[in-house]
Amino acid sequence: MIETRGREVPLSYVVTLFVGIALGFVLSRFGAFLTRYPVESALVAVLVAAVLVLAWACREMLHDLIRRRPAAAAPEPQPEPGPRLSPHRPPKVSGTEFR
């Protein structure tokens, strides 16, 4: 039997589409203002980009925090034993050295 599946569109594609539509609208509406004040427009664009990057970083940090929280509530697993044949010498403990 042939399985029919819909094609999934990644969220980043949809966000890129909406950002492109918004930029097109802003340029068509305020194009004359942007050409009259190019330096101020560039500074505002950098400021908006910085705020978006900070918002994305906060979202990622909160996502990591939420993802780790249930793992902390789970019982702690037993530590795995170290390798049986260690490539280094064990540390010397005072009073037990052989001469």
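Which residues lie nearest the centre of the largest pocket? They are Val26, Leu34, Ser41, Val44 and Ala45. The legends below refer to a predicted model.

**Figure 1. Overview of the protein chain in the predicted model.** The secondary structure of the chain consists of two helices and zero strands. Helix α1 covers residues 11-36, and helix α2 covers residues 38-73. The chain has 99 residues, of which 1% count as buried.

**Figure 2. The largest pocket and its lining.** The space in the largest pocket is about 330 Å³. Its lining is made up of 14 residues, including Val26 and Val44. Helices α1 and α2 each contribute at least two residues to this lining. Helix α2 gives the most, with seven residues.

**Figure 3. Surroundings of Ser41, one of the residues nearest the centre of the largest pocket.** Ser41 is placed in helix α2. Its relative accessible area is 17%, and Ser41 is classed as buried because this value is under 20%. With neighbours within four places in sequence left aside, Ser41 is in contact with Phe33 and Leu34. Leu34 is also listed among the residues nearest the centre of the largest pocket.

**Figure 4. A nonpolar surface patch that includes Leu11.** Leu11 belongs to helix α1. With a relative accessibility of 65%, Leu11 is classed as exposed, because the value is over 50%.

**Figure 5. The salt bridge between Arg59 and Glu60.** The structure holds one salt bridge. The side chains of Arg59 and Glu60 meet in it, with an N to O distance of 2.5 Å. Side chains of opposite charge can pair when their charged atoms come close. Glu60 has a relative accessible area of 27% and is therefore partly exposed, as this value falls between the 20% and 50% limits.

Conventions:
Residues are numbered from 1 along each chain as its sequence is written. This is a predicted model: local features need pLDDT of at least 70, side-chain atom pairs count only at pLDDT 80 or more; totals for chains, interfaces and linings use all residues. Side-chain values use heavy atoms; hydrogens and water are left out. A salt bridge is a side-chain nitrogen of Lys or Arg within 4 Å of a carboxyl oxygen of Asp or Glu. Buried means under 20% relative accessible area, exposed over 50%, partly exposed in between (1.4 Å probe, protein chains only). Patches are made of residues with over 30% relative accessible area and no salt bridge: like charges are joined within 9 Å, nonpolar side chains (Val, Leu, Ile, Met, Phe, Trp, Tyr) within 5 Å. Accessible areas come from the Shrake-Rupley method with a 1.4 Å probe; for residues, only the protein chains shown count as cover. Helices (H or I, at least four residues) and strands (E, at least two) are DSSP runs, numbered from the N terminus. Contact means heavy atoms within 4.5 Å. On a 1 Å grid over the protein atoms alone, a cavity is a set of points where a 1.4 Å probe fits but cannot get out, and a pocket is an open set with protein on both sides within 12 Å along at least five of seven lines; lining residues have an atom within 4 Å of a point. Grid points are joined across faces, edges and corners, and a volume is the space filled by probe spheres set on the points.
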